[in-house]
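I opened my notebook on a new fold today. Here is what I looked up, in the order I got to it.

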Amino acid sequence: MTDSPFRGTTTLDDLNALSAGTAMIPLGIRFTELGPDFLRGTMPVDERTRQPYGLLHGGASVLLAETLGSTAGNLCVPADRVCVGIEINANHVRAARDGTVTGTARPLHVGASTHVWEIRIEDERGKLVCISRLTLAVVPRDAR
């Protein structure tokens with residue numbers, strides 16, 4: 001995409017402030033970069049996000065992916081509209097045992113009624129851990 005899909009002048013501080021009272025806080029998810037056509041965030045791989053076998057929990061990866069994709073989608077719609085997730089898939093392609101994973105959400109389609117976002121989650125070496133695709137519905141804000 002050559003033009004930014006994002007509207008307005010939202011900052012990372014604004015986005016991180018929205019995290020209060022959400023699943024993002026106990027899991028340690030932080031928004032770290034807002035580019036012209038992407039939103040990036042991190043999540044630790046530790047006792048909060050590992051499954052019993054010591055690996056990053058797939059559900060935690062999906063939560064990171066949906067957080068990034070739905071937040072990015074909501075940066076693209078007018079104030080009277082909101083994006084809500086209607087489908088997400090994830091392929092877990094490499095294990096992560098510790099450190100931090102970084103997710104990057106980029107739009108594949110930004111339409112008036114639906115969005116499709118791709119979210120790549122990588123380990124600290126830049127190796128792909130999870131690839132996810134999120135479909136969002138764009139609905140009137142009062143219809144939630």
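Predicted model: local features only at pLDDT ≥ 70, side-chain atom pairs only at ≥ 80, totals over all residues.

I began with the surface: the protein chain exposes about 7600 Å², and carbon and sulfur atoms supply 50% of that. Areas here are Shrake-Rupley values with a 1.4 Å probe, and for residues only the protein chains shown count as cover.

Residues are numbered from 1 along each chain as its sequence is written, and side-chain values use heavy atoms, with hydrogens and water left out.

Next I checked burial: 42% of the 144 residues count as buried, meaning under 20% relative accessible area (1.4 Å probe, protein chains only).

Then I went through the secondary structure and found three helices and six strands, in the order α-α-β-β-α-β-β-β-β. These are DSSP runs, with helices (H or I) of at least four residues and strands (E) of at least two, numbered from the N terminus.

I also looked up the cysteines. How many disulfides are there? The count is zero, with a disulfide taken as a pair of cysteine sulfur atoms within 2.5 Å. For Cys 83, the closest cysteine sulfur is in Cys 76, 7.0 Å away, so that is too far for a bond. Cys 83 is buried at 5% relative accessible area, and Cys 130 is buried at 0%.

Last entry: the C-alpha trace spans about 45 × 30 × 25 Å along its principal axes.

Key. Buried < 20%, exposed > 50% of the residue type's maximum accessible area, 1.4 Å probe, protein only.
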